[in-house]
Amino acid sequence: MAPIRTYTDWNKRPSDLEDQIEPYRKYFFICEGSNTEVWYFRKLIDLRKTLGIHPLIDIRLMEKTGKDETVSNPKALIEFAEIQKKVASNKFDMKHDRMVVVFDADIYKNKPEQYKEILELGNPNNILVVTYPSFELYLLLHYDGTCKEIILPNAELILENKKIGKKRYVGKLFSDKSGMNSKENPAVGELAINIDIAIEQEKMLNQDINNAIGHLTSNVGKVIQFIRNDTVVTNEIKKEQ
């Protein structure tokens with residue numbers, strides 16, 4: 001198994017003389033894609049302090065390398081995530097840390113039972129972040145007004161998500177709005193700056209991953225807001241003292 005590359009901004013301090021502290025809880029993100037989602041979550045990690053995330057919480061992006069870079073099937077991704085928890089160098093604390101597995105659910109369009117199995121496999125020990133049909137739907141939410149003006153009026157076409165040239169329908173909608181190819185342009189990561197807009201607009205879509213199939217779905221913003229609101233850290237520290 002190729003070593004995994006971890007991206008974090010933890011302890012990026014102006015001086016090596018400053019005290020180094022260890023996070024109380026780490027959220028490890030592992031994504032289906034190796035470009036779009038990686039660019040986005042890298043930027044999100046850079047914004048950790050701006051987002052008001054508890055100072056003892058760290059967000060870490062686990063980037064697949066080598067032959068593991070092609071691991072994208074949700075089932076394989078969840079199994080891969082479980083293996084990473086046991087790799088000593090990843091420093092995953094089974095008691096405090098959380099693994100966040102990010103994937104698109106469109107491959108289960110006509111396989112609802114298989115999707116149910118994926119949720120049963122991944123839910124007990126992980127936080128599942130799901131978009132349906134794809135991550136581009138969530139990216140569109142970062143532009144103010146797009147849910148009412150673009151997404152909802154085209155809901156049926158987005159759900160069908162047929163190919164238009166080299167892109168799927170929702171990918172073309174995103175490209176037309178942003179002027180970027182989400183698969184090729186690292187600048188898509190900069191959209192994370194507008195995450196508050198995305199979080200609010202996402203509430204107009206289905207956020208319940210149990211009902212993702214056949215519904216415009218994203219719970220990315222919901223999970224990010226959950227991390228921002230994570231005050232259990234303070235409460236748990238008090239309990240342990």
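These legends accompany several close-up views of a predicted model. Residues are numbered from 1 along each chain as its sequence is written, and side-chain values use heavy atoms, with hydrogens and water left out. Because the model is predicted, local features need pLDDT of at least 70 and side-chain atom pairs count only at pLDDT 80 or more, while totals for chains, interfaces and linings use all residues.

**View 1. A buried salt bridge joins D97 and K26.** A salt bridge here is a side-chain nitrogen of Lys or Arg within 4 Å of a carboxyl oxygen of Asp or Glu. For D97 and K26, the N to O distance is 2.9 Å. The two residues are 71 residues apart: K26 sits in strand β2 (residues 25–31), and D97 lies in the loop between α2 (74–85) and β4 (98–104). Helices (H or I, at least four residues) and strands (E, at least two) are DSSP runs, numbered from the N terminus. Buried means under 20% relative accessible area, exposed over 50%, and partly exposed in between (1.4 Å probe, protein chains only).

**View 2. K75 and E79 pair up within helix α2.** Here the salt bridge spans 2.7 Å from N to O. The two residues are 4 residues apart, about one turn of the helix. K75 is partly exposed at 42% relative accessibility, and E79 is partly exposed at 36%.

**View 3. E200 meets K203.** The closest N and O atoms of this salt bridge are 3.0 Å apart. E200 is partly exposed, with a relative accessible area of 47%. How many salt bridges does the model hold? The count comes to 13.

**View 4. F29, Y40 and F41 have the most contacts inside the largest nonpolar core.** A nonpolar core is a set of buried Ala, Val, Leu, Ile, Met, Phe, Trp, Tyr and Cys residues joined through side-chain atoms within 4.5 Å. Leaving aside residues up to four places away in sequence, F29 touches several others, including F41, I59, V100 and I227; contact means heavy atoms within 4.5 Å. In soluble globular proteins, nonpolar side chains tend to be buried together.

**View 5. Another core lies apart from the largest one.** This core has 24 residues, among them V71, V101, A105 and L128.
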